[in-house]
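Subject: Structure for you to look at

Hello,

Here is the structure I promised. Please open it first, then read my notes below.

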Amino acid sequence: MSFRRISAMFLRHIYLYRHSFTRLLEIVYWPLLDLLLWGFVSVYITKLTSQGQTAPNFLAIFLGALILWDILFRSQQGISVSFLEEVWARNFLNLFVSPLTISEYLVSLMLVSLFKVAVVFLVSSLLAWLLYSFNLFIIGLHLLPFMINLIIMGWSIGLLTTAFILRFGQQAEVLAWGIAVLFQPVSAVFYPVSVLPHFLQVIARYVPASYVFEGMRAVIMGQSFPTGYLARAMILNLIYLVLVLLFFFRMFKAVRVKGLLVHMGE
Amino acid sequence: MRPESSPVLEVNKLSKSFNSFQAVKEVSFELYRGEILGLLGPNGAGKTTIIHMLLGLTLPTSGDIKIFGLNPARSRQREKILSRMNFSSTYVAMPYSLKVKESLMVFARLYGVKKPRQKIEILIERFDLKESANKAVRTLSSGQMTRLNLAKAFINDPEILLLDEPTASLDPDIADRTRNYLVEIKRTRNMAILYTSHNMKEMEAISDHLLFLHHGEIIGRGTPQEVVRQFRGEDLEDVFLKIAREVEV
């Protein structure tokens, strides 16, 4: 064993962190998000037990939330990871010297995203039924508007991530894996929005997914279908999607002006 | 003598700046059908930036580009232009996880090729890819990857072909066959080819006309013989070394 060689390899990684803010951020990012998420879940459960309320069907609430959250996550990944596939393969230029337009490319990414969502949804629903006798379809037809909203939010996050990768190159790649999770604590996936501190509740009001998960819990708990929640989610989603698309096209033009498109995947 | 017909590609006072660095300075040239135009110059001379502007990947700071009379900086016109031209570079790869045939099928669809299977078979034969046709792209050697890229570049029978160092990683045999193929196809299909290479012998052998670039400017142009005479060199390699070293000194 040579300490010199071990220290050389240690130094190699320290250099990497010194030159990459995103890698440095990652060290605190994931533990912080885990702490926030599971902290609020614990607060939710503690509140219920201390107030002597009847415990809701946690199995349905948690599994349903998990499966629906995965729809948002896969929808985002369907855009940003599919885009990264071309960057990793150094195939990006070949695509953009063909008659393929950027709009056609984005639509193709959305189709890939829908395909991924469909497969993940079917597999996880089936496994939840087989392993835990949980039938997600108890939500009934309401499931469809929930899913549509989550898919659109996933697209917005995916397109935003892709725009940043286009502009800042592969060092922004980490966003493809981490940015959706940033929205998880304020999406109230596993607990109601009321559990959050006031300032996070204000933020949650502007996160479409928070209305979807509140709605899902209401339906599972046998309450009436929250049409108002879904309408708010849809309006926010459409506004964000339009804004993100405008941002993406603006970024794409800026990248062509700066000549950065040709460096994708280098 | 260059053809009397109108050029398929016209570049007029094209410039590109990246912040304070001027990569291309007021470059003007034309490319005609049935012609191989060689772009040569040391690294950083602006060759690749010019090709990227012709493809609409990078937007010019000033100047005009007309390809088939259309402007590649405008998205609708770019789409029409790109369906009639193609590009290959040693520095660009193909989708790693796909098989060679699958990769070509994707591009055949992107270019709207009629009878794509038949076309792919012809290209596989032409570029000596028969043994690797059903292999994943990631398993190809750099030479096979270059040949696959060239096969992709011919998938739509382009009228204009832009080639950025296409023979850089080919063995001498395949490189020679590729050059012969380019010369033959230029003649039989009246194709216009813009070509960059660091192989001066190759440039001398296949180019009808040359543009010599240095620090983003055209410092010499003409047939290979004319360029050699212009710089009082023994051959193109001698001219290249003279320019690269003289200016550095």
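A contact here means heavy atoms within 4.5 Å. This is a predicted model, in which local features need pLDDT of at least 70 and side-chain atom pairs count only at pLDDT 80 or more, while totals for chains, interfaces and linings use all residues. Side-chain values use heavy atoms, with hydrogens and water left out; residues are numbered from 1 along each chain as its sequence is written, and chains are lettered from A and ligands numbered from 1 in the order in which they are written.

Chain A

Chain A has 10 helices and 0 strands. Helices (H or I, at least four residues) and strands (E, at least two) are DSSP runs, numbered from the N terminus. The C-alpha trace of chain A spans about 60 × 55 × 40 Å along its principal axes. Of its 266 residues, 50% count as buried. Buried means under 20% relative accessible area, exposed over 50%, and partly exposed in between (1.4 Å probe, protein chains only). Take the contacts in chain A between residues at least 6 apart in sequence: 75% of them join residues at least 24 apart.

Helix packing

Two packed helices are described by the angle between their axes and the distance between the axes. Axes are lines fitted to C-alpha atoms, for helices over the stretch in contact, and angles run from 0 to 180 degrees between N-to-C directions.

Look at α3(A) and helix α5 (residues 102-132) of chain A. They pack at about 150°, with axes 8 Å apart.

Next, α3(A) and helix α9 (residues 208-220) of chain A. Their axes come within 10 Å and cross at roughly 150°. α3(A) and α9(A) are therefore also roughly antiparallel, and this crossing is right-handed. On the α3(A) side, the residues that meet α9(A) include Gly64(A), Leu68(A) and Trp69(A). On the α9(A) side, they include Phe213(A), Met216(A) and Arg217(A).

The core

A nonpolar core is a set of buried Ala, Val, Leu, Ile, Met, Phe, Trp, Tyr and Cys residues joined through side-chain atoms within 4.5 Å. The largest one has 162 residues, and Tyr191(A), Phe29(B) and Ile160(B) touch the most other members. Helix α3 (residues 58-88) of chain A gives the largest share, 14 residues.

Single residues

Thr49(B) is in helix α1 (residues 47-54) of chain B. It counts as buried, at 17% relative accessibility. Beyond neighbours within four places in sequence, Thr49(B) contacts Lys16(B), Phe18(B), Ala23(B) and Val24(B).

Most residues other than glycine have a negative phi. Ser133(A) has a positive one, near 50°. Ser133(A) lies in the loop between α5 and α6 (143-168) of chain A and is exposed, at 64% relative accessibility. Asn190(B) also has a positive phi, about 55°. Asn190(B) sits in the loop between α6 (172-189) and β7 (192-196) of chain B. It is partly exposed, at 39%.

Best wishes

Note on methods: Angles under 35 degrees count as roughly parallel, over 145 as roughly antiparallel, 65 to 115 as roughly perpendicular and the rest as oblique. A crossing is left-handed if the near helix is turned anticlockwise from the far one by less than a right angle, and right-handed if clockwise.
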